[in-house]
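Hi everyone, thanks for coming. Let me put the structure up on the screen, and then we can walk through a few places in it together.

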Amino acid sequence: MASTFGSLEIAKSGMMTYNQAIQTTAHNIANVETEGYSKQTASIQSMVGNKSALLVQGFGVTVTDIYRTRNEYYDSKYQSTQSSYSKYDTERYYLYSIQDFICGDVTNEDGSNATDAFDNFCDVLSNLVGNPDNDTTRTQAVTTAQTFTEYLNDIAQKLQELQAEANVEIKTTVDQVNSYASKIVSLNRQINTIESYGNTANDLRDARSLLIDELSQFVGVETVEKEAADGVGETQYCVYINGHLLVDTYNSNEIVLTQKETFSNINDVEGCYDVMWSDGSRFSSYSAGLGGKLQALFEMRDGNNGSILQGGITGYDKSTKILTVENANCNDLLTLNIPAFDGEININNRLYRYKTFTANVDADGNYTYEFELQDPNEELLDIAVEKGYTAYVGNSVGAKGIPYYMAQLNEFARTYAQEFNRIHKEGLDLNDEAGLDFFNATIPGTGQNYIFKESVDGIDASFTSLVGDPDSDGNYTGSYYYMTALNIGVTKEIMDDPNKIACKATGENGANVGNDNGENVLRLTKLKDDGNMFVHGEPDTFLQSLTSSLGVNAGKAETLSLSQKNLLYAIDTNRKSVSGVDEDEEGQDLITFQSMLQNQYKVLSVMNELLDKLINQMI
């Protein structure tokens, strides 16, 4: 038989249940504008009581749980799309910056971009044909040449500054990732502390989910939550980056930054950051699975389109610590961009640092490279020689980043300068003296120019990576390897005296052919239309192809960025339709629960009257 006061208990349970439902709804309404907040819902169930032969007596109603309305599929899609969007948006910024440097306006009035400055020099130079004695035209030719080389210098310098900016951003991004990992660990502790007593830490879980959303901007993330076995113990929560643990519940595996003492490319800035996991594991900086802003930063800072020097190891001299590499994939110093000193060699996944290197060129133009190693592991190198391992100089990064575009500018500067100088030295100047190198490079520390050496057939001879001492006349003999877009310029002697422009052609054995009719300068002007100078064709075409390719890559990054942004918005809209708080819906629930609560008051009122009759009026 039901208890006399059973209905009072039922009404009490209803009052407590719907009061809690109202509080939950009020909490939702209060957090309508809270970023990352998920709608909370009270789970209401009937309470089953005593059972007799005839019926089961109910005990009323209760709230068994207050749960977050959350869709894990939308969370995962949002985070992966956020990572992709951030990657492409970062690439877009850097590629458009490179495009601005190469294709944008210069600070002088002689050209609006590299192609214009080059064309302007060629046009002025052509004015010397048939008019080689004109002092004004000679001066203009030298000035426009200087303008063009300074333009290349300026582009290269700005690219280095952009690389340094990317390097600083890598540090900032890594620091942010570590900060998020620390915050997630802290929230894991708070969540497990609360939920170990049977409660649900919904707001803290929302805060943790928001941190994961924000973390996905910087790297691609995956999360795994494992409930304790049999419900006893604490929940395990793990965060992975590229398959490697960043957070394991109460422990964070931080990313450690170190400044490299080596270089990967000839024009790299100093102090580039390298990263590794704090547990000593290797961090895959260039993995496609890294994702987010960090992947884009590494690709833009180090991307060389996979162009590195590699060749077979054929010898190692323990006394000199010289490693010999032959059958290399680069037998053209005009495209050689390995560091002159403090470079890296990867042999069987082990890094070695070299101090300097020497390139020996045989009669067929084949190169043999000798690297002076620092702190080598001689036992492993003996094995490398015995088994003929392949040596890789620098990091192969498939993306077209700053080093790639720097290498393209270097190739243009070296190739055009070498061909121009070769013809210029075959002519005579106004004083009937042999022509000098017209284009040159500045020697670090001295400010002097080189005298570029060539073999008889025009192929540059062997060279060492470091500039040697001057000869008895105080001249430095060098290789075109030393010339880059950063230091190319017009030879100082020609700058000081435009009469040294070698316009006059010579006869056999360098004999003076008579009047200075500008035949040699005519040969120089034809270089602009030399379709065999580059793989892409003539010099103008090379520059146009470079700017066109850059524009395509920048436009592609912008398109992908916009596409991912739109997709991100669509996913977020769908996610909010599930987990977001709708004010109208919550207002309707509030009225419903208020009505249900009032009904419980009516039950109490009726039971009060019945009990009053039963107790007070039947005595």
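Predicted model: local features only at pLDDT ≥ 70, side-chain atom pairs only at ≥ 80, totals over all residues.

Where does Glu-426 sit? You'll find Glu-426 in the loop that runs between α8 and β15, the latter being residues 439-441. If we set aside neighbours within four places in sequence, Glu-426 contacts Thr-506, Asn-520 and Arg-523. Take Asn-520: 94 residues separate it from Glu-426 in sequence, yet the two C-alpha atoms are 7.9 Å apart in space.

Now please look at the helices in this region. Helix α8 covers residues 402-424 and helix α10 covers residues 519-526; their axes come within 9 Å and cross at roughly 165 degrees. An angle over 145 degrees counts as roughly antiparallel, and α8 and α10 are therefore roughly antiparallel to each other. The crossing of α8 past α10 is right-handed. On the α8 side, the contact is made by Phe-420, Ile-423 and His-424, while α10 brings Asn-520, Arg-523 and Leu-524. Sorted by class, the residues of this contact are three nonpolar, two polar and one charged.

Next stop, Thr-90. This residue lies in helix α2, residues 72-103. Its relative accessible area is 8%, so Thr-90 is buried. What does Thr-90 touch, not counting residues up to four places away in sequence? The answer is Lys-293, Ala-296 and Leu-297.

Those three partners take us to helix α6. This helix spans residues 292-302 and packs against α2 at an angle of about 30 degrees, with the axes 7 Å apart. Since angles under 35 degrees count as roughly parallel, α2 and α6 are described as roughly parallel to each other. Their crossing is right-handed. From α2, the contact includes Ser-83, Ser-86, Lys-87 and Thr-90, and from α6 it includes Gly-292, Lys-293, Ala-296 and Leu-297. The contact as a whole divides into five nonpolar, five polar and four charged residues.

One more helix pair, for those of you keeping a list. Helix α3, residues 114-126, and helix α11, residues 539-579, have axes that come within 10 Å and cross at roughly 170 degrees. That makes α3 and α11 roughly antiparallel to each other. Here Ala-114, Thr-115, Phe-118 and Asp-119 of α3 meet Pro-539, Asp-540, Leu-543 and Gln-544 of α11. By class, that contact holds four nonpolar, two polar and two charged residues.

To finish, a look at Lys-613. It is found in helix α12, residues 583-616, and is partly exposed with a relative accessible area of 49%.

Technical notes
Residues numbered from 1 in each chain as written. Heavy atoms only, no water. Axes fitted to C-alpha atoms, helices over the stretch in contact; angles between N-to-C directions. Helix = DSSP H or I, 4+ residues; strand = E, 2+ residues; numbered from the N terminus. Parallel < 35°, antiparallel > 145°, perpendicular 65-115°, else oblique. Left-handed = near helix turned anticlockwise from the far one by under 90°. Contact = heavy atoms within 4.5 Å. Nonpolar A, V, L, I, M, F, W, Y, C, P; charged D, E, K, R; others polar. Buried < 20%, exposed > 50% of the residue type's maximum accessible area, 1.4 Å probe, protein only.
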